Amino acid sequence: MEIVSDRTKPQVEEYMTRDVATVSPDATVGDVAARIAESDEHSGFPVCERRRVEGFISARDLLLADDDDPIFKVMTTDLLVAHPEMKVTDAARVILRSGIQKLPVVDDAGNLVGIISNADVIRSQIERATPEKVGKLVRTLEQIHDIELEQERRTVAIDQLTPTQGRVYADELEGRQYELERGLAEPLVVIDNGGTLLLADGHHRVLASDRLGIDAMDAYVIVIDHEIELGMAKTAANEGLEELGDIEVVDYARHPLVQTTKRLQSAAND
């Protein structure tokens with residue numbers, strides 16, 4: 001069992017899942033196979049004696065085993081694990097190079113404290129990119145309006161958001177829905193303009209959330225204490241954008257870049 005640790009942030013403990021489903025070494029192959037078959041999320045489990053990790057069992061390990069065999073006979077014992085203080089980027093390298101999808105996370109005593117997946121790694125990279133986007137918008141607004149702004153992270157109700165983009169594309173909407181279902185969507189960027197919540201970034205994510213029945217989303221909020229005239233607010237008003245239902249969903253076939261490509265192809269064939 002190999003453990004790698006590093007105190008540089010962001011760390012594994014910030015993105016790992018702490019509530020981990022496990023199996024006992026004495027569980028039978030048949031029982032674990034049934035759990036995997038009935039689950040939409042698990043293709044394998046850490047094998048723990050109390051909280052100490054003894055191995056890992058995957059669907060592949062069960063293929064040639066008898067239903068009555070105990071798991072400790074067929075589980076993988078030569079496994080890689082992460083430490084909570086390990087850098088997420090290092091965990092990503094292990095996951096990528098080993099081809100595994102999930103990495104058990106153990107403390108100094110070898111006790112299971114979480115699990116980090118390839119999806120968690122992707123989410124960590126998404127969340128690192130968003131603050132840069134927010135910071136750039138804040139600096140732009142401060143320069144244009146000669147004001148000082150504050151930022152905060154909070155959950156916002158999507159039905160309280162005023163859209164500032166009148167059109168989204170159907171294919172990208174499907175992509176954002178796929179990400180949301182797997183917990184990969186980045187936070188929204190919202191401007192609280194004296195109490196009016198303007199959606200600055202994340203229109204596809206918001207519509208995808210609405211389709212999935214999600215009422216609220218995580219957001220970076222730029223706070224303006226008193227309402228000021230913002231260009232995006234004027235654009236929203238001019239386009240009659242007041243609620244999510246005012247946003248048009250455009251089929252990908254009508255995407256302007258696709259039309260441009262088709263024109264270029266036609267010109268090349270002439």
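Where is the place of D66? D66 sits in the loop between α2 (59–62) and α3 (71–74), with helices being DSSP runs of H or I of at least four residues and strands runs of E of at least two. Do keep in mind that this model is predicted: local features need pLDDT of at least 70, side-chain atom pairs count only at pLDDT 80 or more, and totals for chains, interfaces and linings use all residues. Numbering starts from 1 along each chain as its sequence is written, and side-chain values use heavy atoms, leaving out hydrogens and water.

**Charges**
- On the surface, D31, D66, D67 and D68 form a patch of negative charge (residues with over 30% relative accessible area and no salt bridge, like charges joined within 9 Å; area by Shrake-Rupley with a 1.4 Å probe).
- There are eleven salt bridges, meaning a side-chain nitrogen of Lys or Arg within 4 Å of a carboxyl oxygen of Asp or Glu.
- One of them joins R153 and D218 at 2.6 Å, N to O.
- This pair links distant parts of the chain, with R153 in strand β7 and D218 in strand β12 (residues 216–224), 65 residues apart.

**Sheet**
- Five strands make an open sheet in the order β7-β12-β10-β11-β8, with mixed pairing (at least two DSSP bridges per pair).
- Since β7 (150–157) and β8 (161–163) stand at the edges with a single partner strand each, one side of each lacks a neighbour in the sheet.
- Three bridges connect β8 with the parallel strand β11 (residues 196–201), and L161 lies opposite L197 in β11.

Terms used
Patches are made of residues with over 30% relative accessible area and no salt bridge: like charges are joined within 9 Å, nonpolar side chains (Val, Leu, Ile, Met, Phe, Trp, Tyr) within 5 Å. Lys and Arg count as positive and Asp and Glu as negative; His and the chain ends are not counted. The place of a charge is taken as NZ of Lys, CZ of Arg, CG of Asp or CD of Glu.
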